[in-house]
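Open your viewer, load the model and get ready to click along. Each stop tells you what to select next and what you'll find there.

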Amino acid sequence: MGRVTERRKVLRIRDGAVSTRPDTLVAEEPLEIRLNGKPLAITMRTPGDDFPLAAGFLVSEGVLATASDLQNIVYCAGATADGSNTYNVVDVKTAPGVTLPDFTLERNVYTSSSCGLCGKASLDAVRTTARWPIADTPPLRITPELLASLPDRLRAAQRVFDRTGGLHAAALFGEDGELLDTREDVGRHNAVDKLVGRALQNDALPLSRTILMVSGRASFELAQKAVMAGIPVLAAVSAPSSLAVDLAAETGLTLVGFLRGSSMNVYAGQDRIALREAAAQG
């Protein structure tokens, strides 16, 4: 099976001194996801947690919602011309009776590690396929102090990043700030899929009392994945996109960006932020 990291020789230049040395890089390999034997998508990912990745991807596509929807996931043998297995093709078999939306079977899509799925579904598609309306869940009350503690805790959990400097991370926190799970991947959308897929396998969806913390920016796709998993709060260390803010406002998702130190911007869902009354009046 593919490794999470690989070694490559590099030319190192430091203050005019030149040397060669091995460097540790994060691995990136394609993963083809098949649905009931039919090719569905190819994503560039860091090997590892491939089954949760595939399951989480199908949650975001509205195919899977509970552990009982999933029959099994297997690696496909003979993925190369000589019949050897690269562990880069998985087949997800759904349980009998699971409804498969037409769009999931009619398109073969390519996702990149940088931007995720190209040509993503529209706001209307997300609205019609979301199974757990976030606005209808009992609202969380999250303090700014708790939110401010999450980036450092996410960073401390990035074990592979410490060796490579080239991985994104996503983590689930409970409403009390407890770290529930964390995953790393060359693509932040893959890291989120791995989290959601693991939750599906544990029959823990919807994740209605959790906070999703991601490294980097908050794209529309990440907001969509949070909505599809029933996650009420999405926080990011960098900026959100305009479409992510639109989706958050429409669905009731609390969206926090530029979460750095004690500073943050709340773009939507401000009612879940427990401000001190004096601060709120100011």
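## Stop 1: a hairpin

Select strand 13 and strand 14: they form a hairpin with two residues between them, and Gly261 in the turn has a positive phi of about 60 degrees. A quick word on what you're looking at: this is a predicted model, where local features need pLDDT of at least 70, side-chain atom pairs count only at pLDDT 80 or more, and totals for chains, interfaces and linings use all residues. Residues are numbered from 1 along each chain as its sequence is written, and side-chain values use heavy atoms, with hydrogens and water left out.

Helices (H or I, at least four residues) and strands (E, at least two) are DSSP runs, numbered from the N terminus. Two strands pair if DSSP finds at least two bridges between them. Strand 13 covers residues 254-260, and its pairing with strand 14 is antiparallel, over four bridges. Click Leu255 and look across to Ala268 in strand 14, which stands opposite.

## Stop 2

What is the strand order of the open sheet? Its six strands run 10-9-11-12-13-14, with mixed pairing. Strand 10 (179-185) and strand 14 (263-268) are at the edges with a single partner strand each, so one side of each has no neighbour in the sheet.

Zoom in on strand 11 (residues 210-214) and strand 12 (residues 233-236): they run parallel, joined by four bridges. Pick Met213 and you'll find its bridge partner, Ala235, in strand 12.

Next, select Thr210, which is in strand 11. Is Thr210 buried or exposed? Thr210 counts as buried, because its relative accessibility is 5%; buried means under 20% relative accessible area, exposed over 50%, and partly exposed in between (1.4 Å probe, protein chains only). A polar atom of the Thr210 side chain lies 2.8 Å from the backbone oxygen of Leu207.

## Stop 3

Step back to the loop between helix 6 (188-201) and strand 11, where Pro206 sits. A cis peptide bond joins Leu205 and Pro206, with omega about 0 degrees. Asp203 is in the loop between helix 6 and strand 11 too. Asp203 isn't a glycine, yet its phi is positive, about 55 degrees.

For another case, jump to Tyr87, in the loop between strand 5 (70-75) and strand 6 (89-94). Its phi is near 55 degrees, a positive value in a residue other than glycine. Tyr87 is partly exposed, with a relative accessible area of 30%.

## Stop 4: a buried helix

Select helix 7 (residues 220-228). Nine of its nine residues are buried, so the helix is largely enclosed by the rest of the structure. Among them are Phe220, Leu222 and Met228.

Show the side chains of Lys225 and Glu221: they meet in a salt bridge at 4.0 Å, N to O. (A salt bridge is a side-chain nitrogen of Lys or Arg within 4 Å of a carboxyl oxygen of Asp or Glu.) Lys225 and Glu221 are four residues apart in helix 7, about one turn of the helix. An α-helix has 3.6 residues a turn, so residues three or four places apart point the same way. Just after the helix, Gly230 takes a positive phi of about 75 degrees.

## Stop 5

Glu29 counts as buried at 16% relative accessibility, and Arg45 is buried at 0%.

Then try Asp181 and Arg183, whose side chains meet in a salt bridge at 3.3 Å, N to O. Asp181 is buried at 18% relative accessibility, and Arg183 is buried at 17%.

## Last stop: strand 1

Finish at Ile13, in strand 1 (residues 5-14). Ile13 is exposed, with a relative accessible area of 52%.

Terms used: A polar contact is a pair of N or O atoms within 3.5 Å; within protein, one must be able to donate a hydrogen and the other to accept it, and residues adjacent in sequence count only if both atoms are side-chain atoms.
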